[in-house]
Amino acid sequence: MNQLSGVEVAAPSVQSSLREDRVYDAIIIGAGHNGLVTAAYLARAGLDVAVLEKNPHIGGAAVSLSLYEGWTYSNCSYVCSLFRPEIMRDLELYKHGLQIIPYEGGMTMMANGERFHTYYDHNVFRQEIARFSKKDADAYDAYSTAVMKMCRWIKPMLLRTPPDPTSFKPRDIAELLYLGKHFASLGERDMGELVRFFTLSIADFLDEYFETDVVKAHFAGSGIIGTALGPYSPGTAYVLLHHYMGDIDGSVGAWGFARGGMGSVSKALAGAFKSHGGKILCDSEVAQITTQGGACTGVLLTNGNVLRAKKVISNLDVKRTFTKIVKPDVLPENFLRQVNNFKIRGSSGKLNIALGGMPIFDNVPSEHPSLRGDLHFTDSMARMERGYDDWKEGRWSADPYVDMLVPTQIDPTMAPPGKHYMSVFVQYAPPTLSDGRSWDGPARDEFAQTVLNQIASQSPNFRDLVLHYEVRSPWDIERETGLTEGNIFQGELTMDQLIFNRPIPGYAQFRAPVRNLYMCGSSTHPGGGVMGAPGANAAREILRDLSIRNFDPRQEAEI
Amino acid sequence: MNYSMKIKPDTVRVGLKPTPFIDRLRPLNKFESLAYWQGYWSPADFGNPEREYFAIRNTTSVFDLSPMTKYRIKGPQAEAFLQRLMTRNIAKLKPGRVAYTVWCNDEGKVIDDGTLFRLGPQEFRLCCQEHQLFWLLTSAAGFDVSIHDETDEVCGLSLQGPTSYSVLRALGLAAVETLKPFELRDFSFGPGSIMVSRTGFTGDLGYELWCAPGQALPLWDALQSAGRDFGGVEPIGSTALDMARIEAGFIGAHLDFMPADQAVRAGRAASPFELNLEWLVDFNKGHFTGRAALLAEQKAGSKRCLVAVDIEGNKPANHALIYHRKKTEVGHISSGIWSPTAKRNIGLAMLQMPYGKSITSDLWAEIYVMRELKWEKRMAKCTIVKAPFFEPARRRATPPGAY
């Protein structure tokens, strides 16, 4: 059985196997990172809060499991950038062991043996681009400026509640006014650019700056990770921004490792939550959210237990929440229709690999700084798009885009000394295979072999170093974490599902159309990634409904 | 016409003075980023101070301590002399132990702080930032003690970080796991030996390794191999070290206090009380330099106090003035950074009493930020907190954990 190293989780108590008289102030369904953020804020505000988790371990997709003696994997999410520093500060997560260590650089290993490196130092990186094109090297400055303008625009919105543009409530009007002013602050030219940016494909956006295919392919990766869209699909430029708008200690766009794996994020949140008196019940799957007279009253667990609560907050994605655990008759028909149409398509897989040593890659000096960063093989936009073509046909990409990292070069805690853990994120893989085969069969390992072969094609000793690997198809991701179709963002990050449209127009303020029922997962604003912002935003709205003062979103750290 | 000039062979070279580690460090210092430390070649960073900072808090960092000023103090009256010089009770310092201490002038103002290593009953080493020989020799009048500047005879490496114990074990230092905080011990290394003390300037698990210059490069190379499997032994510069020491709440000369013997302006020097170091002052041990003045200050009250502050926002507040009610100027931030581990904007602040003691609220730091050639002013609220800002349990654990 999976075990979450070092995390104590309360087993369901004896009392809870009976029908409890206790009425919690709030019950959160799902101990993923957003659920825990909401829970910690609510508990900190003095509420009596319980978090229910179906798995024996907490964390959802921010989880560190030990599946092979001596190794800890970041089984799902594997790097951190978006997690809001305000939340880390508010909840004092460092006291509960959270440490985010930035990594620098990366590399695309081209099929012809050439390598395109990225570097921390701006001028060194420019020189590297100039090896391919001097024009591209200079275009990189213009590109960075453009992306930074978008980041600066989007960042202050992350911890605000989106206005309802059709509402006449003073708060909505004020927030809409803020949004308008914020938009106007860009100036005429950049207002146009922003609108264009939200609808552009990442390929079109990069074409405006760069001429070298590998340079474009390297940057384009951030535009397709986790999304069921190809690099030429409109909307992927925003996905890139979504991956760039985070920061580590003020360094915008930087990514890092959570020491001990991504489970450390959940572990620290659970620690903060418990320090405020919160209770986590694992092995407690919710069968149904109970209602009475159109209001939510608590939850019924699959083991038959009933827990009562004044507020219920679902950290499950919007589709799973409203099609699986809320009875349809309490929901407006129009709402339910839109829930069913919510785009939440699985497109990603994952390999976690235990290695007996650090692999050698052809034409890369050992201990080159790029090896400590993100590694890729897709060297052209055409290869990337063909990978998407396979997904559309219901197959995994024969030549996938991978985002590969060896965190143990930096984090000493995840593998024995001298050994390594490799995380390989794979784009694309469909949740169901068009040839009718189940993922639970030979298909899963065939998928893994496709990825392992791609790595081995550039590394002479890789195959010999592999001690163990875990394969996660979209189906496996859904089965364990509950993410519908294994979509890592709890719903596509396209304009029709962002800001006041997320998850569904008219329901972007974290409240469900059932009284006392709320949503706090990444299906809500501002979306996916291990960001914690949806959880914090939901907590603020819930506390607002209870007339309890909470954090001020205007404290947003500036960049 | 040709002149032949006579040049003495030992003429001082103009430029930076090398340390015994320079042959290893210089090739790694690819961006040639240096800090000025007493005229020695000393790196400010190796290209990425954040990465170096995280070596301190995540794996093992190595910092060349060789420029540290070091004095060997020995003789039958070495203890009596130091007892007279230091504010701490040196009689309590046993051989094999290290103590952090300050020493004052007659006015009770701090000349410098440093670490005092008791190598034997009659033998000490004093490590500090500033040059002290003049003051030490002046103070030693009448004592049977010899004082010798051994800065260039002993070189040092500071090995700091959660895997530093694992690295030393891999280096083959026998029973290093029993070394307690502030303990020192000799270990055999190569043909000779090195001294290791469990000390540092980072507030983390860490050690300082001291050896003769001839052992410097073999020690460097052995540490690099020993650390390979533990995430490496990462060379760091003073920028990263400074971040860690602020998180640890440690003060620095010329940063948080003005060395009393160098202060030209009246009122600039600070007493141990003002630096929040009253725990270093022992009035019961007998006479010591500055005692009368410090007793008087204790009675009359100090004029200033050094406090730790948590500052709103994310803009480092270094050197910012501090106001009460955004109106009255009451002090300044002497050291301020964004703490990458505590995820807080932190600082050490020197405040005019009673601010910082009886008046602790409504304090604001005036932070100026230059953004694309425009100065922007931020008034950021300061909350007085307890230092250190980050104190991992591994700092004191004996035996330490693997990471």
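How many aromatic pairs does a search of the whole structure find over all chains? The search finds 38, with rings of Phe, Tyr and Trp (its six-membered ring) taken to pair if their centres lie within 6.5 Å, and with planes under 30 degrees apart counted as stacked, over 60 as edge-to-face and the rest as tilted. The model is predicted, so local features need pLDDT of at least 70 and side-chain atom pairs count only at pLDDT 80 or more, whereas totals for chains, interfaces and linings use all residues. Residues are numbered from 1 along each chain as its sequence is written, chains are lettered from A and ligands numbered from 1 in the order in which they are written, and side-chain values use heavy atoms, with hydrogens and water left out.

One of the aromatic pairs joins Tyr143(A) and Phe205(A), which are tilted at 45 degrees between the planes and 5.9 Å centre to centre. Because Tyr143(A) lies in helix α4 (residues 134–154) of chain A and Phe205(A) in helix α7 (residues 202–207) of chain A, the pair ties together parts that are 62 residues apart in sequence. Helices (H or I, at least four residues) and strands (E, at least two) are DSSP runs, numbered from the N terminus. Tyr143(A) is buried at 1% relative accessibility, and Phe205(A) is buried at 2%; buried means under 20% relative accessible area, exposed over 50%, and partly exposed in between (1.4 Å probe, protein chains only). Ring pairs link both residues into a cluster whose members include Phe116(A), Phe125(A), Tyr140(A) and Phe219(A).

Charges over rings are found in both chains. A charge sits over a ring if NZ of Lys or CZ of Arg is within 6 Å of the ring centre and within 35 degrees of the ring normal. The charged end of Arg160(A) is 3.5 Å from the centre of the Tyr178(A) ring, and Lys326(B) lies over the face of Trp364(B) at 4.2 Å from the ring centre.

Chain A is divided into domain 1 (15–65 + 77–100 + 259–343 + 495–555), domain 2 (104–122 + 348–428 + 432–472) and domain 3 (134–250), with bounds from an automatic or database domain assignment. The C-alpha centres of domain 1 of chain A and domain 3 of chain A are separated by 27 Å. Their contact (heavy atoms within 4.5 Å) takes 29 residues from domain 1 of chain A and 21 residues from domain 3 of chain A. About 2,200 Å² is buried between these two domains, 62% of it given by carbon and sulfur atoms; buried area is the accessible area (1.4 Å probe) that two parts lose on being put together, summed over both. Arg84(A), Phe500(A) and Gln509(A) supply 23% of the area that domain 1 of chain A buries against domain 3 of chain A, more than any other three residues. The count between domain 1 of chain A and domain 3 of chain A is one salt bridge, defined as a side-chain nitrogen of Lys or Arg within 4 Å of a carboxyl oxygen of Asp or Glu.

In chain B, domain 1 (22–68 + 153–247) and domain 2 (69–149) have C-alpha centres 25 Å apart. The area buried between domain 1 of chain B and domain 2 of chain B is about 1,400 Å², and the count of salt bridges between them is zero.

The interface of chain A and chain B takes 28 residues from chain A and 36 residues from chain B. The two chains bury about 2,600 Å² between them, 46% of it on carbon and sulfur atoms. Four salt bridges are found across this interface.
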